[in-house]
Amino acid sequence: MKTNIYYKTKGVIINLLIHAFLISVAVTCLYPLLWMLSSSFKTQETIFKDLSLIPAKFHFQNYYLAWIQGGFGRYFLNSIFYTASVVIGIVIVASLAAYAFSRLRFPGRNILFIMFMAAMMIPVPGSFVALYVLLNKLHLRNTPVGYILCMINVGLSTSIFLLKTFFDKMPKELEDAARIDGCSKLGIWWNVALPLAKPVLAVVVVFNALNVWNEYILALIIFDSKHFMPLQVALQTFQGEFVTNYPLLMAGLTITALPIIIVYLLMQKYIVKGVTAGAIVG
Amino acid sequence: MKIKSTLENYIFVLPAVAIFTIFYVIPFIWVFQLGLYDWDGILPTKVFVGLGNFKEIIFQDPSWWQAMRNAGYITLIALTFQNILAFLLAWACDREIRLKNFYRVIFFIPPVLSEIVVGMAWRFIINDIDGANIINRTLINIGLPQLAHSWLSDPKTALTTVALVHSWKGFGWGFLIFLAGLQTIPRELYEAVHVDGANAWQSFRKITIPLMIPVIVLVAILTVLGTMQAFVLIISLVQSELAGHTSVPVLRILASMRGSSRFGYACAQGIGFGVILVVISFIQYRFSRRARQIQ
């Protein structure tokens, strides 16, 4: 007969194996990023000699060079500007529409909502070709406005879906009270619905912010002048110009990745919610 | 009064509908229109070629089909290696285990990074013959220096390397969705079969897998749609199409547009590819309903 000790030892061993598996994958996740960070503190001479993860000597001038000479200061501000504008735009436009789809009555409501949802599910792989033509015609190509409007559209459907689902479940009493007090519909949206929707707005903000910060193809097609480029496109151009200067490139990568990692670590609760909610959509 | 109120309601959806119409509906229609023309994107004159572009894609464009095969290969690795890894990790985390939240946070770091950052960081790690290349250094250290080479410059290994980096970046998505799915399975079910004398493998086969089929199909559909359309990672990782060895359909569309200035042809490629994607996900969806009915 097998004893208690047998089962206990078996349990401990299984637990150890599971942890070994999980830790090895976690290390594989972190290693390239730590290597990128560590290499950004090395120099052209030491990067192929000093192969330790913690550099023998920390050189911070790569960051100075990338920020000033490489123009990353400019690109960083561009990315911040696009991300902030698009997110603010999406929050306003999507929450207005979602509130209407959830609470207000008007002809064509269902058809319009179905259109937004269909757009979320139909892949259009060549759409950037037509967008390029469209922006040319509207004289919005190579302008921040053109890029921002395109990116608002990219995040619209999912955000409307998330917000409408929330509004549908929200109790109506507070809005009724506000209406009796003589509040207009827009007033109710702004003063009652939006403050109540804060948790889901956080998901919308974080999710779209990641999306805009990481976007590459539309920015590549829309912007010709370096002046307007966001970080992702600038990195690719930079790589072409400074092929062999790895420490500088790694500093540029770190500048690009660090804000995202920080935002993710602070807001990961909302990101996990967004992923699970996004999965339900599909 | 009623009309005024309805008009007021339209104000709420007006901005969304306007942006959606201009930046989604119109380009969507234009893709179908332009697909029937031969056009360089600049000249005001377009030449109507009917279904000529589509005929050319199907019969005279081997580079397109090579790109499709490449994307299919990457997708196959993502469906098997990446998703099985994600499932095993989720299964390992779906219990009372220490550091569970730590693992969950770490596994989702690669998905939040941009493909440009991931591609360039990995390129730096694996493409030099010596120096910073940890894989090559390990191969040399264990006495296999002949296997060490530039993984991304060699046409034989480039595509598989791309697929593996793609899996590294993507498994966190599947992991989170699988974990959410596993957590909805009632614990009592496991306890019940345990009392009946089932071992871990039997309860995994009889309870976990059947109940997870809808989630597995969902992840499979998302994986196929995401991986077939992935291309930015290849741009940053390989920095070229390696004469077609690492080319994928969206890169071909981009090349038709920017390289050879054939906008009509690029749109036709987009339509063809979009139709294939919709058909694949529809088949997967039907398959999942069949699987659910059998249960």
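The model is predicted, so local features need pLDDT of at least 70, side-chain atom pairs count only at pLDDT 80 or more, and totals for chains, interfaces and linings use all residues. Residues are numbered from 1 along each chain as its sequence is written, while chains are lettered from A and ligands numbered from 1 in the order in which they are written.

Confidence is given as pLDDT, the predictor's value for each residue, from 0 to 100. Chain A has a mean pLDDT of 90, with 96% of its residues at 70 or more. Helices here are DSSP runs (H or I, at least four residues), numbered from the N terminus. Among the elements of chain A, the highest mean pLDDT, 97, belongs to helix α3 (residues 72-103) of chain A, and the lowest, 85, to helix α12 (residues 246-281) of chain A.

Two residues are in contact if their C-beta atoms, placed from the backbone, lie within 7 Å. The contact between the chains takes 67 residues from chain A and 68 residues from chain B. On the side of chain B that touches chain A, helix α1 (residues 2-34) of chain B gives the most, with 19 residues.

One helix pair shows how the chains meet. The axes (lines fitted to C-alpha atoms, for helices over the stretch in contact, with angles from 0 to 180 degrees between N-to-C directions) of helix α1 (residues 4-39) of chain A and helix α6 (residues 115-126) of chain B come within 10 Å and cross at roughly 80°. That makes α1(A) roughly perpendicular to α6(B); the term covers 65 to 115 degrees. In α1(A), A:Pro32, A:Leu33, A:Trp35, A:Met36 and A:Ser39 meet B:Ala121, B:Trp122, B:Phe124 and B:Ile125 in α6(B).

A:Val129 is in contact with residues of chain B, including B:Val31, B:Ile253 and B:Phe263, when its neighbours within four places in sequence are left aside. A:Leu134 is placed in helix α5 (residues 127-137) of chain A and touches B:Ile26 and B:Pro27, not counting residues up to four places away in sequence.

Exposure is counted from other C-beta atoms, placed from the backbone, within 10 Å of a residue's own: 20 or more is buried, 12 or fewer exposed, and in between partly exposed.

| Residue | C-beta neighbours inside 10 Å | Class |
|---|---|---|
| A:Leu134 | 19 | partly exposed |
| A:His139 | 9 | exposed |
| A:Asn142 | 15 | partly exposed |

A:His139 lies in the loop between α5 and α6 (144-169) of chain A, and its phi is near 55°, a positive value in a residue other than glycine. A:Asn142 is found in the loop between α5 and α6 of chain A and has a positive phi of about 60°, although it is not a glycine.

Terms used: Helix = DSSP H or I, 4+ residues; strand = E, 2+ residues; numbered from the N terminus. Parallel < 35°, antiparallel > 145°, perpendicular 65-115°, else oblique.
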